[in-house]
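Here are a few notes to go with the model, written for someone new to reading structures. Have a look at it first, then work through the points.

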Amino acid sequence: MGFTSHPALPWSELHRRMAGRPAAATPPPTGATVLPLRRRAPQQPPGGAPAWAELHVHSAFSFLDGASDPEVLAAEAARLGVEALALTDHDGLYGVVRFAQAAEEAGLRTVFGAELSLTPDDHLLVLARSPEGYRRLSAAISAAQLRGGAKNRPAYDVAELAAAHRGEWAVLTGCRKGRVPAALAADGPDAALRELRELADAFGDGNVFVELIDQRLPGDDLRNDRLAGLAAAAGLPVVASNNVHHATPGEGRLAQGLAALHERRTLRDAAGRTMAAGTAHLRSGREMAARLARFPGVREATVELARACAFDFGGLAPRLPGFPVPGGRSEIDHLRALVAAAGPERFGAGNGPALRQLARELDVIEQLDLAGYFLIVHDIVAFCRAEDIWCQGRGSAANSAVCYALGITAVDPVHYGLLFERFLSVERDGPPDIDLDIENRRREEVIQYVYRRYGREHAAQVANVITYRPRLALRDAARVLGYPGGQIDAFTKQVDFRSAPAADAAIPADVLALGGQLLGLPRHLGIHSGGMVLTREPVGEICPTEWARMPGRSVLQWDKDSTAGAGLVKIDLLGLGMLAALHDTCDLIAAHHGDRYDLAAIPDDDRDVYEMLCRADTVGVFQVESRAQMATLPRLRPRTFYDLVVEVALIRPGPIQGGSVHPYLRRRAGEEPAHCPHPLMERALGKTLGVPLFQEQMMQLAIDCAGFSPTEADRLRQAMGAKRSHQRVAELRQRLLDGMAERGIPAEVAEDVYTKIEAFSNYGFPESHAISFAYLVYASAWLKYHYPAAFTCALLANQPMGFYAPLSLISDVRRHGVRVRGVDVNASAAGPSLEPEEEPSAPPPLTAGRPQPAVRLGLSAVRGLGEAQAAAVAAGRPYTDLEDFARRTALPAPVLEALATAGAFGCFGLTRRQALWSAGVYAASTPGTIPGTVPGGSAPDLPAMTPVEETIADLWAVGASADSHPMQHLRPALSRGGALTAAQLRTVPRTRRSWSAGW
């Protein structure tokens, strides 16, 4: 039988197609009651049509075994008049939150279940009969996933499942891989009857249902007749399903393609393993009544079972783990004591505004019963301090005086007038948001501490659902359609990861059609950048956890949106390379200059540092080192800390797309008046010269100009930060425009406000984030200005990070008068290091006049030499000669030759060519070789490399040169050709056309 192909959508319409999917409902309030969840009264199908419920449905969260998002399934079921719909993905509850939200909007009753893979060829379909059944099913899946010991390898124990269900599950015999249908196909009715009776004995007669599946495939009628006979022989009820893998017939081709991808085959090769027709889709009650006419009562029994199992996923709000409080105090009393002890030191004794703000915040925290949340985060920060791991809170936590008092954040919110309600309020739905930036290379220590502190049963990381982007969608579509690898590479070169192919792209129509259907679907599960969830109840009862690819990481099956939608509290532990670099910088300063700094000890308001920022001397400086930032700094000319806050927020997609950048800079320079388009916008935009820069300003505009309540404004904030942000914001468009019209705001001004809000969707930068980042901007700029050698050495030690490669970082520090030395096997450590300057030069002009040590490049930078090998080489110093080095390190010839090319054997009096000659010979020596007996080890008198050749050798072997740059060799020829240097460009009139060159 054939299938109906879905018409290909033009790639220009794909994002519109994505935006047209049903939206997820607003997440329920965190105060909602945790299970038991609500049951919904049965709804009659429209027009008196026969009732129908679909109990066996795979969404795209069955990962390559389902073709439709949960929202699409819910919308199609509602369109067909289906009364109830189950979601039964493989070995998980990945999509249940999105499914529940979509079903609620569609007025659809929900059933929650899963198809458990007892073995690859033995599946068990389980439906939760109740909220307690859901908990038990979730816990059983979680236990099996963790017992399996690796990602996607659950290990179920049937006896354990039978003991766990306690009458709260309905067990269906399931698909062709179900135990009973498989036995029927392989060994006949007798074997199938034995399997059926074993299931009934294990789970109870009233809990096992024989499932008939008719997809109009050869053999379906015969198999269903036999299954109905087995059910009668065993005295068990019969239900029916379509074993749905796609919402509509038009997705049949897509479902086949996904099944072939799962098997790592082309569609042609997988023909015998995939469904032969696109018939595994949802159907109406009228169609199912006709198809089940020869099985009296089965349709009614199916609907009856669905009604018995249906309940609303009313929002989960499990409690955080109880925090151990000393002395029998309550959590809030302990929090108040900690704040009282730390507050005067952080804010200054007798700071009345700060004390009043702390008291107000603590009252709100007590009212919302969130003291334990703050204590947990404070405990994590205390662990970091005890282990000398630098961390800093950011996000909306920067708005909280309590967070500042506890040392969680680094910026005084009282001083900067930050709004606490942006972080936490009685009216706001949802928990507070505390993000901790942690030294990236030590973040794993913190994550594992949290696992140890609260136990893996109560702690898990949040997942990240990896979806198909255009390039991967095209690649997988072409691969499954059988195109050769060379052509596939050619197709994918015509797109990037987010944009569609050009209109004239030479990509076949079938690839475009299938790729368009793949776009946006879940591909696999990854790990969120740092989100962790902690619960007092076992977290596996709320959502199953499973192993990630990364060792030691267990993750929820939900992403951050589903986690928030279910009311789970997330703490973000984020890795930040700049914190590691700043920590290394301060350690180097202490070791080589005798000055001890940390982030809190760096002097503020240093005029010379701001002068450096004004001239865009910011290579390596956090957040302001991009070309766009460098172009903006001389125009903005920051003189205060808040200027840095603006600079951080200004060069962002939101302000750029909203047309805010140039108006702000012109107003800053006095080239145009600073005004607001309407008086009602003054409160929101006054401090940024009438130009919106921050997400909070968009919320304030909605309140002041459109009459939004604080709750509505927070909904707008959530919409701007959601995955489908443009779609979510578009849902509020009319409300915004109507509200502005009611307040007399002209239509063109209202449209401009909406355009700016839309531009901020998914890119808007909160003011609290900008302030936290600006703190690191200033700290990194101060260290670069006063200690350029230590700062650059730390940046080199933490590569890759930032915008610049080591070659650019080295060239920049050399311009500041710091000497850089190349790799040397008798002087270099494993990583970059500082050495005393043997011939101190005059104080460099662009630093504070402090003599600087030299930077020595590390061994690990050499091609082919890993960190462990580099550390071993450094530990073996000193070496007497190249033969001694080769014998004791036993490095292979390619690594010895890379060291020779880098000049690392110059300490032995060898030129690079001489060292290359000898390296290959000595590579054959072993620890037992008698020194001096290797023939041919002494190189003849070879000509030395030219300066140009040495630069090329450095770039090949190390990726950077300690004392040269390719441009310095080319500059004379370029100058003769009329190209100007960067310094000369500063003096060229704006109206004159000029030429420059660079690498």
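**Notes on the fold, a helix pair and the cysteines**

1. Let's start with the whole chain. Residues 24 or more positions apart account for 75% of the contacts in the protein chain with a separation of 6 or more. Keep in mind that this is a predicted model.

2. As for the make-up, you'll find 43 helices and 17 strands in the protein chain. Of its 999 residues, 56% are buried.

3. Now zoom in on one helix pair. Two packed helices are described by the angle between their axes and the distance between the axes. Helix 12 (residues 331-347) packs against helix 14 (residues 371-386) at an angle of about 50 degrees, and their axes are 8 Å apart.

4. Which residues make the contact? Helix 12 brings Glu331, Ile332, His334, Leu335 and Leu338, while helix 14 brings Ala371, Gly372, Phe374, Leu375 and His378. Sorted by type, the residues of this contact are six nonpolar, three polar and one charged.

5. Last, the cysteines. A disulfide is a covalent bond between the sulfur atoms of two cysteines. How many disulfides are there here? The count comes to zero, with sulfur atoms having to be within 2.5 Å to qualify. Take Cys676: the nearest cysteine sulfur belongs to Cys705 and is 9.0 Å away, so Cys676 is in no disulfide.

6. Are Cys676 and Cys403 buried or exposed? Cys676 has a relative accessible area of 14%, so it is buried. Cys403 is buried too, at 0%.

Terms used
Residues are numbered from 1 along each chain as its sequence is written. This is a predicted model: local features need pLDDT of at least 70, side-chain atom pairs count only at pLDDT 80 or more; totals for chains, interfaces and linings use all residues. Side-chain values use heavy atoms; hydrogens and water are left out. Axes are lines fitted to C-alpha atoms, for helices over the stretch in contact, and angles run from 0 to 180 degrees between N-to-C directions. Helices (H or I, at least four residues) and strands (E, at least two) are DSSP runs, numbered from the N terminus. Contact means heavy atoms within 4.5 Å. Ala, Val, Leu, Ile, Met, Phe, Trp, Tyr, Cys and Pro count as nonpolar, Asp, Glu, Lys and Arg as charged, and the others, Gly among them, as polar. Buried means under 20% relative accessible area, exposed over 50%, partly exposed in between (1.4 Å probe, protein chains only).
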